[in-house]
Structures are given as structure tokens and as C-alpha cells.
There are 2 protein chains.
Amino acid sequence: MTGAAARRAAKPTTPRQRSTRQLEAIYRTLCESRDHPTAEQLYHAVRACVPAVSRGTVYRNLAKLVGAGRVRIVHVHDRCARYDARTGPHDHFLCLGCTMLLDVESTDGRRERTRTRIRGHRVEGHVLTYLGTCRPCAAARP
Amino acid sequence: MTGAAARRAAKPTTPRQRSTRQLEAIYRTLCESRDHPTAEQLYHAVRACVPAVSRGTVYRNLAKLVGAGRVRIVHVHDRCARYDARTGPHDHFLCLGCTMLLDVESTDGRRERTRTRIRGHRVEGHVLTYLGTCRPCAAARP
DNA sequence: ATATATGCAAAAGTTTTGCATCGCT
DNA sequence: AGCGATGCAAAACTTTTGCATATAT
């Protein structure tokens, strides 16, 4: 088989994803942020680098990044989704006062061996979020 | 102190909550449902008993019930909140294929003694949701 | 009697989408 | 060149809110 034939045969049905300025700016901005921004916050932050970016593009690219496993969504007791570029296994702490969201290491080694089956349904993962009051909020309202 | 004076002094700042046909219908409907309905689903279900009920009333009463601890919200990888009238401690299983949501007993006794402090922030509770594929969805897409 | 709850409809906020154009590959 | 991505704006959805009226206590 020639090199050209191999190349042709190798990627026949590959739905290729393009790398664009916008996609990389969104991903980079998310990587650099510590506070699990919402799509709206990310939209504003990205405008610093790519002033003409649109909300639609931010949402579309976030969906792509999530689909590719490069980004994960954190759903909290809030109206909007928040994003996290740390894809390794970890949990979260959410302050119910100010919605601050913190990454938390899974301290319990047991957490690793999560159940693989629940009443016959296949378990593929889990999300664990601690809820509470952060120090500043506790100080403000004792 | 007279009886009347005592009564007046006894509940000076009590913000009393009234029991209405709508509130009870919403709560009863939620108690009877096994599938963690959304506000919209509840709205339609309640209309069977109280045909003139409005969405606003459903949302307002759900908020009251949550505030009173009679109902809890489950936030999943979905756009809308889902409600649960089982307030005892338990976890959930969410099917990523069809969004079916299942109550799951907390099997691990250790889960009870949840951490009380994370990096100085007070922890008051936690939510744990298993993610996976339910049997029907797994059968449909192997 | 009066404060609270309701119904209606409009508003607010988040996310999705249609379409013409742009820009990777 | 061709297909995927973008920007814009409108639409779709979920949830909240203002106000006049109804209702529980």
C-alpha cells in the first residue's frame, strides 16, 4: 500500500474538528481562570483577546470542548452552567452564600472504586459537590 | 400579663405562611410522583386538580416548599431544575441518555460523616449523583 | 380586616439556532 | 474549493416579577 493510499484509507469518515482562534482563546481563558466561570463570564473574558467573538460561538465551542472531554460542566444550585478545564477526577465545594465554587481533591480513596451498577443500570461516573458557607460569607453573617 | 397581651407578644414577627389549595395540590402531586418532575411537568400535572393554577404559583410554591425543607431540588446535566419530595438523605442516579433520575440509598455508611470543613470553609452538606446509562438506553444503543 | 397568595402577562436571563459570510485545511 | 466555524439576531426555554384581585386566618 502506498503512503498516499494509506493516508486516504486511514481517515475516511473522520469528522474533523477545526482549530480556530476563538476555540483556542476560549479554552485558554478557561484554563487560566480559577473560579469556574459561566458562559457569560467567559464570553466577556474572551472579548479581551477576540473582541468580535459572539455568545453563540462561546456556547458552541464550550459544547465542543465538553464533547471532546477537554472541559467539564459543573451544575450547581444556580441558574447557569459553570465550566471547569480541570478534567481529572475531583470534587467541588459550593458556597451557598456567594456561589463561590472551589475544586476539592477526592480525599477518600474509596471514592475511586465507584459502584459500577445500580439496579441494573450501568454507572459510568459520579459528581460530588459539598455545600456550605465560605469563610467570608460566614464572617459577614454569623 | 393578660391572655390577649401574651398572644400579642408571642408572635410579633412571625411571618405566617398560609396553606392554600394550590400549595397542597403541588406538594401532594410531587409526593405521588416517582420521577423527579420539572416545574413545567408539575404545572401540567397539578392542572388536573386545580385547572386554573398558573406557572408563577407553581414556581412560588416550590420555592416555599424548598425553603421549608419539605422539598429538595436536584440539579442535573439538564437545563431545568427537578424536584424531589423525599427529603431524607439519599443520592441519585441520572441516565445521560434519557435523563431518567432515580433515588439511590447512600450505601456507604462512611458518607454520613461528611467533612465538616474544607480549607476553612464550613461544610453543611453534599450532593452525590451517579451518572450512567440506564438499561433501556443501553439496550437501544449498544 | 388585613396580610398573604393567586392569576395573568410581561420581563429577565440563559442557551440554541437559522443564515449569510468567513476562514481552515 | 469545500466544508466547517463565525457573527449576528431572532427564537426557544426556564424562571422571576408587578399588579390587581381573590382568599385564608
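**Figure 1. Pairing of strand 3 with strand 6 within chain B.** In this predicted model, His92(B) stands opposite Thr129(B), a residue of strand 6 of chain B. The two strands concerned, strand 3 (residues 91-95) and strand 6 of chain B, run parallel and are joined by four bridges.

**Figure 2. The hairpin of strand 5 and strand 6 in chain B.** Strand 5 (residues 117-118) of chain B is antiparallel to strand 6 of chain B, and two bridges pair them. Arg117(B) has Arg122(B) of strand 6 as its bridge partner. Two residues lie between the strands of this hairpin, in which Arg119(B) adopts a positive phi near 50°.

**Figure 3. Strand 6 of chain A against strand 6 of chain B.** Strand 6 (residues 121-133) of chain A pairs with strand 6 of chain B through 11 bridges, in the antiparallel sense. Gly125(A) is placed opposite Leu131(B), and the bridge partner of His126(A) in strand 6 of chain B is Tyr130(B).

**Figure 4. The interface between chain B and chain A.** Chain B contributes 38 residues to the contact and chain A contributes 37 residues. About 3,200 Å² is buried between the two chains, and carbon and sulfur atoms account for 54% of this area. His75(B), Arg115(B) and His121(B) together supply 18% of the area that chain B buries against chain A, more than any other three residues. Between chain B and chain A there are zero salt bridges, whereas 16 residue pairs, with both members at pLDDT 80 or more, are in polar contact across the interface.

**Figure 5. The side of chain B that touches chain A.** Zero salt bridges are counted between chain B and chain A. The elements of chain B that give two or more residues to this side are strand 4 (101-104), strand 6 (121-133) and helix 5 (135-140). Strand 6 of chain B provides the largest share, with 13 residues. By residue class, the side of chain B that touches chain A comprises 16 nonpolar, 11 polar and 11 charged residues.

**Figure 6. The rotation axis relating chain B to chain A.** Chain B is superposed on chain A by a rotation of 180° with 0.0 Å of shift along the axis, at an RMSD of 0.1 Å. This relation is that of a two-fold axis. Of the residues of chain B, Leu128(B) comes closest to the rotation axis, with its C-alpha at 2.2 Å. Both copies use the same surface, since 97% of the contact residues of chain B recur in chain A.

**Figure 7. A salt bridge within chain B.** Over all chains, the structure contains 10 salt bridges. One involves the side chains of Arg70(B) and Glu24(B), with an N to O distance of 3.8 Å. Arg70(B) belongs to the loop between helix 4 (55-67) and strand 1 (72-74) of chain B, and Glu24(B) to helix 2 (residues 21-32) of chain B, so the pair ties together parts that are 46 residues apart in sequence. Side chains of opposite charge can pair when their charged atoms come close.

Note on methods: Residues are numbered from 1 along each chain as its sequence is written. Chains are lettered from A and ligands numbered from 1 in the order in which they are written. This is a predicted model: local features need pLDDT of at least 70, side-chain atom pairs count only at pLDDT 80 or more; totals for chains, interfaces and linings use all residues. Side-chain values use heavy atoms; hydrogens and water are left out. Contact means heavy atoms within 4.5 Å. Buried area is the accessible area (1.4 Å probe) that two parts lose on being put together, summed over both. A salt bridge is a side-chain nitrogen of Lys or Arg within 4 Å of a carboxyl oxygen of Asp or Glu. A polar contact is a pair of N or O atoms within 3.5 Å; within protein, one must be able to donate a hydrogen and the other to accept it, and residues adjacent in sequence count only if both atoms are side-chain atoms. Ala, Val, Leu, Ile, Met, Phe, Trp, Tyr, Cys and Pro count as nonpolar, Asp, Glu, Lys and Arg as charged, and the others, Gly among them, as polar. Two strands pair if DSSP finds at least two bridges between them. Copies are superposed by least squares on the C-alpha atoms of residues with pLDDT of at least 70 in both.
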